Amino acid sequence: MNEVIQINTDVVQDPTLPTTNHINCPQCNAAEAVFFQSYSTKKDAKMNLFYVCKVCRYKWTCVE
Ligand SMILES: [Zn+2]
């Protein structure tokens with residue numbers, strides 16, 4: 001089961017979320033992505049960062 005699948009890509013239109021231009025989209029290579037932390041309730045969950053590309057809405061994750 002992949003948590004990233006559950007992200008609604010409409011988050012790219014949310015102006016309250018932080019964006020980064022320090023990372024490139026793995027799919028289209030755009031340097032603009034919305035990112036946010038995992039809100040998993042699992043006690044042993046690692047801190048995940050989720051990214052959504054603002055150009056093609058590709059979703060990916062990065063474990064801190
Ligand atoms: Zn992209």
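1. In the description that follows, helices (H or I, at least four residues) and strands (E, at least two) are DSSP runs, numbered from the N terminus. Read in that way, the elements of the protein follow the order β-β-β-β from the N terminus on, and the secondary structure amounts to zero helices and four strands.

2. A word on the basis of this note: this is a predicted model, in which local features need pLDDT of at least 70 and side-chain atom pairs count only at pLDDT 80 or more, while totals for chains, interfaces and linings use all residues. Residues are numbered from 1 along each chain as its sequence is written, and side-chain values use heavy atoms, with hydrogens and water left out.

3. The four strands form an open sheet in the order β1-β2-β3-β4, with antiparallel pairing, where two strands pair if DSSP finds at least two bridges between them. The edge strands of this sheet are β1 and β4, each of which pairs on one side only.

4. At one end of that order, two bridges join β1 to β2, and these strands run antiparallel; within the pair, T20 stands opposite A33 in β2. H22 itself is found in the loop between β1 and β2.

5. Strands β3 (residues 48-53) and β4 (residues 59-63) are joined by five bridges and run antiparallel, with L49 standing opposite C62 in β4. Together β3 and β4 form a hairpin that has five residues between them, and R57 lies in its turn.

6. For reference, the ideal angle at a metal with four tetrahedral donors is 109.5 degrees.

7. Exposure can be compared residue by residue once the classes are stated: buried means under 20% relative accessible area, exposed means over 50%, and partly exposed lies in between (1.4 Å probe, protein chains only). H22, in the loop between β1 and β2, is exposed at 75%. For the protein as a whole, buried residues make up 30% of the 64 residues.

8. The structure holds two salt bridges, the term meaning a side-chain nitrogen of Lys or Arg within 4 Å of a carboxyl oxygen of Asp or Glu. In one of them the side chains of D10 and R57 meet at 3.2 Å, N to O. This pair links distant parts of the chain, with D10 in the segment before β1 and R57 in the loop between β3 and β4, 47 residues apart. Both residues are partly exposed, D10 at 40% relative accessibility and R57 at 29%.

9. E32 forms a salt bridge with K54, and the closest N and O atoms of that pair are 4.0 Å apart. Because E32 lies in the loop between β1 and β2 and K54 in the loop between β3 and β4, the pair ties together parts that are 22 residues apart in sequence. E32 is partly exposed, with a relative accessible area of 40%, and K54 is partly exposed as well, with 32%.

10. Two backbone angles deserve a careful look, given that most residues other than glycine have a negative phi. N29, a residue other than glycine, has a positive phi near 70°; N29 sits in the loop between β1 (19-20) and β2 (33-37) and counts as exposed at 54% relative accessibility. R57 likewise has a positive phi, near 65°, and lies in the loop between β3 and β4.
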